[in-house]
Amino acid sequence: AGEPSAASAGGVDVRFKERVRGVEKGEGAVYPAGDICSRCGLCDTYYVAKVKESCAFIGDGMSRIDSLEESVHGRGRDLTVQDEVHFGVYEHMAFAKLVPGVEGAQWTGIITTIACEMLRQGKVEAVVCVQSDPEDELSPMPVIATTEAEVVAARGVKPSLSPNLEVMQEVEARGIKRLLFIGVGCQVQALRSIEKYLTLDKLYVIGTNCTDNGPREGLETFLREASENPDQVKHYEFMQDYRVHLMYKDGQTCEKVPYFCLPADRLTEVIAPSCYSCFDYVNALADVVVGYMGVPFEGPDVPMTKHFQYVTVRNETGGEIWDMLRGTGRLVEEATARSGQREAFVGQTLETDDDVQLGLKKSNPLPRWVGNVLADLLEK
């Protein structure tokens, strides 16, 4: 009868894994997507063989989301429902936070707690998440976490391009069958595209929103231009009060810089070309997505560590995850709300950004005190 066929992943031919090697890392490494590669990590593995059908920036790119939504969620988004047009397929949306939160988390620790609970309850054997490089706290280091301590060590956003998918080859080599993957839109799209080739029994995906990401050296530039103490910054977010909130390493100090005080023309290299080419801020193919930009600002006295975020539960698997989190007794949810008109402001922002990026206009950052007055007026 002979040996079993190498086409063993649910009848899908996976023999490429035996004959293909990933892109060799290094300063001169060349990736298939060229300058618009987001360094998601896929091409660092033998899955580079499937890059044409999975990369968010090659060929049909992100338009594949339309068909992938059908296969992942069981249906495409309903274009007659405004929230689905903007946020993607969902079964449940809410403003949410944990009380008490996770100590040391950037927000209240929703994703960290989900990952720990899934390990604790035996739903997964491992979690793909991102710790900090031991040599550089702001540099991302994807890991396969198998203990709660390893998950907790990954809490907080790492604001640089991160090759999360580079560990997927190791996941398979270690025989892991039940996995939680945490990642941003371009990573998740590539993962969903190769899901049929994986040797997993169950894949759970938690997504985060992602916008205006960039290389580590770009982060260095941004912090130097934005902060009075760039070496002290651990986390930052562009918050709803028209300010960048820069949280220091002491966990207490939060420097707040109005958007209008940033020298945009000196920050054109901060954002990666892939991010200018991305249309999946909402992470449409994850089971659950946790973000914050659509949440009403709770006021200057409410830090990120006590602030609501918004959550999108997209499918049955996402519902299982969310029900598990509810079971901790720490989850606080509120119904979502809609108010205001964003179109004019968004349009003006895009026009200004384009002019600066194309060199048609120089930015004129406002003095900090003027920027604060303007931010306060706009917030009201």
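Before you click anything, one convention: helices (H or I, at least four residues) and strands (E, at least two) are DSSP runs, numbered from the N terminus. This is a predicted model, where local features need pLDDT of at least 70 and side-chain atom pairs count only at pLDDT 80 or more, while totals for chains, interfaces and linings use all residues. Residues are numbered from 1 along each chain as its sequence is written, and side-chain values use heavy atoms, with hydrogens and water left out.

**Stop 1: a salt bridge inside a helix**

Select helix H11 (residues 316-326) and show the side chains of Arg326 and Asp323. They meet in a salt bridge, 3.0 Å from N to O; the term stands for a side-chain nitrogen of Lys or Arg within 4 Å of a carboxyl oxygen of Asp or Glu. Why do these two sit about one helical turn apart? Because Arg326 and Asp323 are 3 residues apart in H11. Arg326 itself is partly exposed at 37% relative accessibility. On that scale, buried means under 20% relative accessible area, exposed means over 50%, and partly exposed is in between, with a 1.4 Å probe and protein chains only.

**Stop 2**

Next, pick Glu69 and Arg77, a salt bridge whose closest N and O atoms are 2.7 Å apart. Glu69 is buried, at a relative accessible area of 1%, whereas Arg77 is partly exposed at 23%.

Now jump to Glu228 and Arg368, where the closest N and O atoms of the salt bridge are 3.8 Å apart. This pair links distant parts of the chain: Glu228 is in the loop between helix H9 (216-226) and strand E6 (233-238), and Arg368 is in helix H13 (residues 368-379), 140 residues away. Glu228 is exposed, with a relative accessible area of 59%, and Arg368 is partly exposed, with 29%.

How many salt bridges does a search of the whole structure find? The count is 26.

**Stop 3: the eight-stranded sheet**

Switch to cartoon and trace the open sheet of 8 strands, in the order E3-E2-E4-E5-E9-E10-E1-E11, with mixed pairing. Two strands pair here if DSSP finds at least two bridges between them. Strand E3 (136-145) and strand E11 (331-334) are the edge strands, each pairing on one side only. From one strand to the next, the twist averages 30°, using axes fitted as lines to C-alpha atoms (for helices over the stretch in contact) and angles from 0 to 180 degrees between N-to-C directions.

Start with strand E2 (residues 126-133), which pairs with E3 in the antiparallel sense over 7 bridges. Select Val128 and you'll see Ile144 of E3 opposite.

Then move to strand E10 (residues 309-313). Is E10 mostly covered or mostly uncovered? Mostly covered: 5 of its 5 residues are buried. Gln309, Val311 and Val313 point one way, Tyr310 and Thr312 the other way, and all are buried. In a regular strand the side chains alternate between the two faces of the sheet.

Keep Val311 selected and look at both neighbours of E10. Strand E1 (residues 92-98) is joined to E10 by 5 bridges and runs antiparallel, with Ala94 as the bridge partner of Val311. Strand E9 (residues 288-291) is joined to E10 by 4 bridges, also antiparallel, and Val290 stands opposite Val311.

**Stop 4**

Follow the chain to Gly101, in the loop between E1 and helix H5 (110-120). Gly101 is partly exposed, with a relative accessible area of 35%. Draw a C-alpha to C-alpha distance from Gly101 to Ile65: the two are 36 residues apart in sequence and 33 Å apart in space.

**Stop 5: the three-stranded sheet**

Select E6, E7 and E8, which form an open sheet in that order with antiparallel pairing. E6 and strand E8 (254-258) stand at the edges with a single partner strand each, so one side of each is left without a neighbour in the sheet. Neighbouring strands of this sheet are turned by 20° against each other on average, direction ignored. Strand E7 (residues 243-248) and E8 pair over 5 bridges, and His245 stands opposite Lys256 in E8.
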